[in-house]
Amino acid sequence: MSDILGYKGKNVVITGAASGMGQAAAQLLVDIGAQVYALDIAEITVPMAQRIRVDMKDQASLDAALAALPATVHSLFNCAGVPNPPFSAADAVMINFAGLRYLTENLIPRIPTGGAIVSIASTAGMGWKPNLARVREFLALDNHLETAAQWLQAHGKSVPDGYGFSKQCIIVYTMTQARELAQRGIRINCIAPSPTDSGFMKKLTGEGQIPAEAVALFLPSNGRYAVGADMAGPLVLLNSALAGFISGNNVPVDFGYCAEVMMGQRDDLLGVAT
Ligand SMILES: NC(=O)c1ccc[n+]([C@@H]2O[C@H](COP(=O)([O-])OP(=O)(O)OC[C@H]3O[C@@H](n4cnc5c(N)ncnc54)[C@H](O)[C@@H]3O)[C@@H](O)[C@H]2O)c1
């Protein structure tokens, strides 16, 4: 089999592999010959090199996972995430960003030149510019989950949209880290998916009581929800050898939704064009 994407025999770590986009990406990575180490709080069904139970908001759980992971990691996929509601704003930030940052920064020393990191942000995080000072304040904290939790407790009122804030943090973090990682020949990117049919969406529109009509406002003009595989392809591509000169980008994977907003063809409900 040709290995144009460069994953054959490479050690890949992926979070959120039990469901949705992460599951689809994990399956694709297994299919193209990667050694996949998957982390999730739920049971992972895709057969792979190793499946590890982890709670992204629990530092001890992340430390145990780090101890079990290989000494060399070529590629990291940060896919785990939860909606707020039904999760609290603080839990959304802890799981979606604080845990992601903790895992990422503890794995970076194991990533060799040519390695890559990709995370899942969201269209909901694209209005980061007006909130940059707040995001930078959070990013300036030390990389311990307890510190992040304490900050959220003290500043909770200024972070009413925990989900949007967690995704703003991923986007700003990705762009901020690109410089230092480039000096080591490592790339970092994230994607901003439009609404996707997954466990996340069921939680958001079911338990969370966000009406499906409200979510539909953010669908692309093709009128459809994405599925996990629609995001798995771009994720795998961005960490692949084919994307070897792409770093520091937040890539909308939304069938043109953000383009329409930026061209003034539809309302800017999320501050995408700010
Ligand atoms: N579905 C959407 O419309 C949408 C849109 C934009 C961004 N996203 C983001 O995409 C990513 C993937 O979500 P999805 O849509 O595939 O949903 P999903 O619920 O199918 O997958 C999320 C995965 O994260 C895992 N997870 C949740 N909490 C965890 C924790 N504390 N520790 C470890 N693992 C945990 C879940 O078990 C699940 O396997 C998330 O980061 C989400 O924020 C989703």
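Strand E6 (residues 187–193) and strand E7 (249–253) pair in the parallel sense over 5 bridges, where pairing requires at least two DSSP bridges between two strands. Within this pair, Ile-191 stands opposite Val-251 of E7. Helices (H or I, at least four residues) and strands (E, at least two) are DSSP runs numbered from the N terminus. The model is a predicted one: local features need pLDDT of at least 70 and side-chain atom pairs count only at pLDDT 80 or more, while totals for chains, interfaces and linings use all residues. Residues are numbered from 1 along each chain as its sequence is written.

Now step back to the open sheet, whose 7 strands run in the order E3-E2-E1-E4-E5-E6-E7 with parallel pairing. Its edge strands are E3 (50–53) and E7, each pairing on one side only.

Helix H3 (89–107) lies across E1, E4 and E5, at about 175° to E4; contact here means C-beta atoms, placed from the backbone, within 7 Å. Angles run from 0 to 180 degrees between N-to-C directions, with axes fitted to C-alpha atoms, for helices over the stretch in contact. H3 also packs against helix H5 (residues 145–155) at about 150°, with axes 10 Å apart. That makes the two helices roughly antiparallel, a label for angles over 145 degrees.

Finally, look at the ligand: 29 residues surround it, the closest being Gly-20, Gly-81, Ser-198, Gly-199 and Phe-200. A residue counts as near when its C-beta atom, placed from the backbone, lies within 6 Å. Helices H1 (20–31), H3 and H7 (199–205) each supply at least two residues of this shell.

Definitions and conventions: Angles under 35 degrees count as roughly parallel, over 145 as roughly antiparallel, 65 to 115 as roughly perpendicular and the rest as oblique. Two residues are in contact if their C-beta atoms, placed from the backbone, lie within 7 Å.
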